[in-house]
Amino acid sequence: MKKTSWRGVLLGAASALPFVASVASAQSTTAATPASAQNAPTSDIATEPQSTSVPPATDIKSADVAAAQGQPADASPETKDIVVTGSRLSNLNAPTPVTTIGAGTIATQAPVAITDVLARIPGFRPSYGAIGASRYAVTQFGVQGLPDLRGLGITRTLVLVDGQRFVGGNYQGLPDTNSIPVELVQRIDVVTGGASAAYGSDAVAGVVNIVQRNKLEGIQGRVQTGVTDYGDNGEFVASLAGGHSFMDGRVNFTAGFDYSHADGIGNGIYARPWTANEGALVPTGNQATFLTNAETANATPFGIINGPTALRGTAFDANGNPYPFAYGTLYNNNSVMVGSTANFGKPAQAQFQLANPFERIVGQGRLSADLGSDINVWVQGNYSHSSTQASVTPNQYTALIIRNDNPFLPASIRTRMAAAGVTSITLGRSLEDFGDTFSVNKIETYRFAGGISGKIFGDWAWDAYVEHGQTTQDYLFHTKYDARVREAAFAVRDANGNIVCGDPAQNPNLNATTRAQLAFGGGVTGCVPFNPFGATNNTATVGAYINGTPTAVIKYRQTAGAVNLRGSPFSLWAGPISVAVGGEFRKDYLSSAADALSTQAAYILANQANYVGRNTVVEGYGELGVPIARGDSWFLKAIDLNGAVRYTHYRVSGNVTTWKAGATYDMNDSLRFRFTRSRDIRAPTLYELFGNSAQTLTVLTNRFNGNSDFVPNVAQGNQNLTPEVAQTLTAGAVFHPTFLRGFRASVDYYDIKVDKVIVAVTPQDTVNGCFFGNLDYCSRITFGTSNASGLDLVRSLTTNLSSFKTRGLDFMAGYDHDMPFGLPGHFGITALATHTMKLELVTPPGTPGGVATTIDYAGTGGQGSVVTGVGGLPKWSGNLSLDYALGGFSATTQVTAFTSMRYDPTLFEPGDAGYATATPAQKISQNRFAGQAYVNLTLRYNVLQGDDARRFEVFTVINNLLDNDPPPFATIAFSNRTNLYNSIGRSYRVGVAFKF
């Protein structure tokens, strides 16, 4: 596979930067000038660059370290008091672990969106980016940034913007981090512990708080382009931000804008050498096996006879002429083969993409004013639009029944049927000649907010805000009408000899459900006969009849507001106590309007449903910080206690109380210990409460009579759900030695247990639960005589059922200093690591007197729990940044790494202790995949060095510098968003950044 000349162009640009740097070095300040005066620190604690020619390259650190160096971990944009993310108090030694990703780190990566930044932080699972979502064409999340901390699911990490709620960007009501212009981001605070007492629902795994630059002067931005080593997935990004103050600085307008698009990577997942021969994971007798060069064996683009035996293996060319099909070695009920390319080189996953094409437009404007007397007001508007297209395998049928009187049947086949004494054949046929199967997902969000803040009673600070926003999602999927395909394939001749569609009542491909769908959709009178033999014999009218586009317009609307007051009412022996109180409210609304045929499950894929739901939330909280001791000895500098409680009323889910208790112990100026214990919650989303799916048919077994059949079933929300409840413990230490300037380190232990986990119960589990005496499950079943099973309808509801437990360790260490031995420049090193010790999902016993099932997803990267959203994480993951700055030149080498992962924690591979005694369903040819370490390089040069007010910088970023290939079969195994492997190869970005 030939690589494009783009590689040489961009590598040439990258190579030019060190040459420019050498010139800059020759022109730099003499050795008599301290290096620290020459260069910006490469790892800066400050939230903004301080007298720097380039932004700090690496500024990932903890809020405690920031406080230790005299830098505020947070400063309210309109007031002077310091508020640390994770607490509502001002000037608090917060006990909750907080990791800060500063503007320098963000700039170093030249990200397309915030998703790219969080993806490199240990402990996060990949989000629904254009690459992470590439195998999720049916999903309705598009290319959204939905953080998933600890692998506990996207619904258990709370996203805030400037400490405030942001309208949800999807049907689950989750904010999209990619809705924020990147150049407006001052930093990202990640609270790696429960914080429901401070912020409310969803803060189970932690909080992602995007802190913005809300008062800019001048203009700054970044324009870049990028491409992979193979010349595809071309991207363009423009991120701009600017502001200006009026009326002697009392009024300011600040705005930001992002535009980005990417071309995606076509040619399926086989567009790279390391995936070119990867086929599929299929049962192969005694185990499941990852196969190479696998092709579909029971459906071809022009038709293949799968039965009866006498005619099986007869395929048809594009003109409908029969020929013997050259099977390879067959697997999985003869559906997949290897050792043959007879199916036109059509591997099982050819249409899936390594990266989806997308477009993203984001804008924000904010007007703020100082009214005097410490009163500040602001209004803000946000807009975002994203669109993406994703393909899947073409629709196909493997058992269309074709009778011997079908007028399209080749005469030679009819003769063979007569000789064999059969009156029908079963045909396998893919339908790609009638158009690709793909989704188009467009999401548009707007939000308006306004607030006021000020001081009262001297040093008491107060603030209030209100926001209203709405997301509208237009979802469209190009597929086929199932019943119309079946109807059109039943061709006969009428009394006049014309080829027409046969009587649906006599059509062997239809059943009662599909016949009803035809009547509902008007298919009986408009049918166009379909010739399944070949591709050149069908007119465009056939495609127009059988092609279908299920659609849905999904709207999520939120109105929210809050009032907060914080201050110090009095002082104790060790100093002033801190108090914060406040109240919040939210009104959320969700609706889905689907096309009529979707509601009847008329399409082969992606049928949509109608639903509507709303909820109202009212909350009140209080938080207290109490200094217990102060000293100046080596073993006691300060002891502080912190506690918070929040009471929440949900109109649908009832009342719930959350709380937090914590403490910090500063042994001296170098060492701090911290501890928190909290009760946190995740309230059910509107979709979990009110959502609905289109009715489908699933083979179910009635445990009461043992009979099985296709049974209508529908998945529904459950308004009786209660919030998930988590018990969280964190304990750690922060080391910032006074004797080693520039060094900082921290280690934190976390332990989270979540009960009443909301799961989507399957239809069969619903039937089983009823059989074992669960009357609630029985109420969801309609028993009758419409089919052999005795089950007329099964409604599967979301239920508070499971629990999970996770624990682990977070590490951070960094060191910044001038180069040793009198060498010019400044260097920095920062390391982050997460050790996931346990990530267990516990499911109650399926039978009375049984035992609970426990599955540990720690060290797993493939098969997470679909019903709970809990997914795997490597045992160890880390990020190491090495930085160097000299004059206007800076270089950052970043290494992201993770240890080996299992595909499925319930399976055994050869060599495992349990492999010999495992059943075939528990065996797999390869269950472990090697870890990886990816090296990314950033080179930057500021042309306007020495000018603190202005910056014009050229940069290049090379991701996956060493061009690491993923392990064999990793792209197939980790096909969803849990894929930590780089599946696209080395890629480049070049651009300019400026500030004037």
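1. Let's start inside: Arg989 and Glu235 are both buried, where buried means under 20% relative accessible area, exposed over 50% and partly exposed in between (1.4 Å probe, protein chains only). Arg989 and Glu235 form a salt bridge, with the closest N and O atoms 2.5 Å apart; that term stands for a side-chain nitrogen of Lys or Arg within 4 Å of a carboxyl oxygen of Asp or Glu. The pair links distant parts of the chain, with Arg989 in strand β50 and Glu235 in strand β9, 754 residues apart. Helices (H or I, at least four residues) and strands (E, at least two) are DSSP runs, numbered from the N terminus.

2. A word on what you're looking at. This is a predicted model, in which local features need pLDDT of at least 70 and side-chain atom pairs count only at pLDDT 80 or more, while totals for chains, interfaces and linings use all residues. Residues are numbered from 1 along each chain as its sequence is written, and side-chain values use heavy atoms, with hydrogens and water left out.

3. Now the overall picture. The chain has 996 residues, 58% of them buried, and holds 16 helices and 50 strands. Of the contacts (heavy atoms within 4.5 Å) with a separation of 6 or more, 72% are between residues 24 or more positions apart. The chain exposes about 36500 Å², and carbon and sulfur atoms supply 58% of that; the areas come from the Shrake-Rupley method with a 1.4 Å probe, and for residues only the protein chains shown count as cover.

4. Back to charges: the structure holds 35 salt bridges. One of them joins Arg986 and Asp229, with the closest N and O atoms 3.1 Å apart. Arg986 sits in the loop between α16 (970-973) and β50 (987-995), and Asp229 in the loop between β8 (218-228) and β9 (235-246), so this pair ties together parts 757 residues apart in sequence. Arg986 is buried at 11% relative accessibility, and Asp229 is buried at 0%.

5. Arg630 and Asp640 make another salt bridge, at 3.0 Å between the closest N and O atoms. Here Arg630 is partly exposed at 41% relative accessibility, whereas Asp640 is buried at 9%. There is also a network of salt bridges linking Arg88, Glu584, Arg586, Glu619 and Arg646.

6. Have a look at Gln932, in strand β48 (residues 932-942). Gln932 is buried, at 12% relative accessible area. Its side chain has a polar contact of 3.2 Å with that of Asn964, and also reaches the backbone oxygen of Asp965 at 2.7 Å. (A polar contact is a pair of N or O atoms within 3.5 Å; within protein, one must be able to donate a hydrogen and the other to accept it, and residues adjacent in sequence count only if both atoms are side-chain atoms.) Leaving out residues up to four places away in sequence, Gln932 touches several others, including Phe898, Pro966 and Tyr981.

7. Helix α14 (residues 763-771) is worth a glance too. Among its buried residues are Pro763, Val767 and Cys770, and what covers the buried residues includes β36 (696-701) and β41 (791-818). Just after α14, Gly773 takes a positive phi of about 100°.

8. Finally, Val422 lies in the loop between α7 (411-420) and β22 (424-430) and is partly exposed at 21% relative accessibility. Beyond its neighbours within four places in sequence, Val422 is in contact with Pro308, Leu311, Asn404 and Met417.
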